Amino acid sequence: MKTHFIAIGGSAMHNLAIALKDKGYQVTGSDDAIFEPSKSRLEKKGILPQEMGWFPEKITPDIDAVILGMHAHQDNPELARAKELGLKIYSYPEFLYEQSKNKTRVVIAGSHGKTTITSMILHVLNFHSKDVDFMVGAQLEGFDCMVKLTQDNDFMVLEGDEYLSSPIDLRSKFLLYQPNIALMSGIAWDHINVFKTFDDYIEQFRKFVASITAGGVLVYNEEDPEVLKVVENAENYFRKIPYKTPEYEINKGKVYLKTEMGDVPLSVFGAHNLLNLEGARHICQQLGIMDEDFYEAIMSFKGASKRLEKVEREDKGTLYKDFAHAPSKVKAAVKAFKEQFKNEKKYGFLELHTYSSLNPAFLEQYDHAMDGLDEAVVFYSEDALRIKRMEPISPEFIKEKFKNESLRVFTNAEDLHAYWNTLDKTDGVYLMMSSGNFGGLDLTK
């Protein structure tokens, strides 16, 4: 099969391209910019475009599938050529469904926790040598590529994202998967550039539940009131399995899960991660993994990439980075950090980086998000606001919306880095929350 990727360099797209190459497909692609690690990984597989840009001549009648990434625009010249030739054009999730329509599809959805839960499931399955196809959005220890597609595996585990499928398919990605087994971890308004109201956002999850195949299974977080409403109002038939935060304790800095089989020591911390673990356990039960085997495997799970991930520093300081950017994720990460490090001085840094997090109307959602930290810092770039064509935001406005007068607010990277360099990183513990990089800050030094 001959496939061509328009915007091959994306974090999800390049993984799919590599998976298809490994499957024996003929793979080509284009992009106007490709960064690491995508660049070197594509180069290693021999599918890195020789030059950057869009080249309509690459689109030939013998291509079986054109896969269109979100990075491309509706007026992309390669897309126009593919339409002109009448080629089959897939979005990323549409193509994944096509590859898995004869398998049992397990889809993990939710505003927060879905990457960690999917990673936990894959870690347990890998630990017990249970082979499945999968797609997950974060790099996971023990896996070279975060997409796997085979002819023979019976199951496909998919991280279900509610964001748009492609520039020409404005459905949420997870609506294309039609799960046989699904999980919903929580609902908290996100992606406000696309979903203008909270109800519009919730509607995507209503549709997701409605897309579960007849007689399927939904594992859901019963502690989330919005999830409960969606599940209770669903009209289609499926089996419902609720889950909640399990009992645990922290002893000398170590988290222990309380189970019928005794205390299980864990390498992750935070109530939200224990809740994620419980959801993963129920999904693994559906895949034939007994609880005893689940606990044996989960003890060695160290977390998904950039989800309360410990950074090894030259000075041996204690520092964790987290992808947290939406308010619910920030609050969960801060709560976990405060619980885990009760007796240490706690520093929390948050970069407002995404369109949603910089939207004045959305900033209300961050109220008290950084409370309880000894030092709380928020950074956003005035240059980024200009590039995004957004109105300026004052530090005073940020403090008002966070309801935290002691908040330190930086609006340019130089000032942030200067403050960072004054801190003794071995004095206290540090939580760095961003989907960016704090203006190029090196967290290892």
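Student: Which strands does helix 4 lie across?

Tutor: In this predicted model, helix 4 (residues 92–100) lies across strand 1, strand 3 and strand 4. Against strand 4, the helix runs at about 100°.

Student: What makes strand 1 and strand 3 a pair?

Tutor: Two strands pair if there are at least two bridges between them. Strand 1 (residues 2–6) and strand 3 (residues 65–68) are joined by 4 bridges, so they count as paired. They run parallel, and one of the links has T3 with A65 as its bridge partner in strand 3.

Student: Why are strand 2 and strand 4 at the edges of the sheet?

Tutor: Look at the order, 2-1-3-4, in an open sheet of 4 strands with parallel pairing. Strand 2 (26–30) and strand 4 (89–91) each have a single partner strand, so one side of each lacks a neighbour in the sheet. On average, neighbouring strands here are turned by 25° against each other, direction ignored.

Student: How do you know which residues line the second largest pocket?

Tutor: A lining residue has an atom within 4 Å of a pocket point. By that test 25 residues line the second largest pocket, and S267, K302, G303, L308 and K310 lie nearest its centre. Helix 5 (114–127), strand 15 (254–259) and strand 17 (309–310) each give two or more residues to the lining. The space in there is about 520 Å³.

How values were computed: Residues are numbered from 1 along each chain as its sequence is written. This is a predicted model: local features need pLDDT of at least 70, side-chain atom pairs count only at pLDDT 80 or more; totals for chains, interfaces and linings use all residues. Side-chain values use heavy atoms; hydrogens and water are left out. Axes are lines fitted to C-alpha atoms, for helices over the stretch in contact, and angles run from 0 to 180 degrees between N-to-C directions. Contact means heavy atoms within 4.5 Å. On a 1 Å grid over the protein atoms alone, a cavity is a set of points where a 1.4 Å probe fits but cannot get out, and a pocket is an open set with protein on both sides within 12 Å along at least five of seven lines; lining residues have an atom within 4 Å of a point. Grid points are joined across faces, edges and corners, and a volume is the space filled by probe spheres set on the points.
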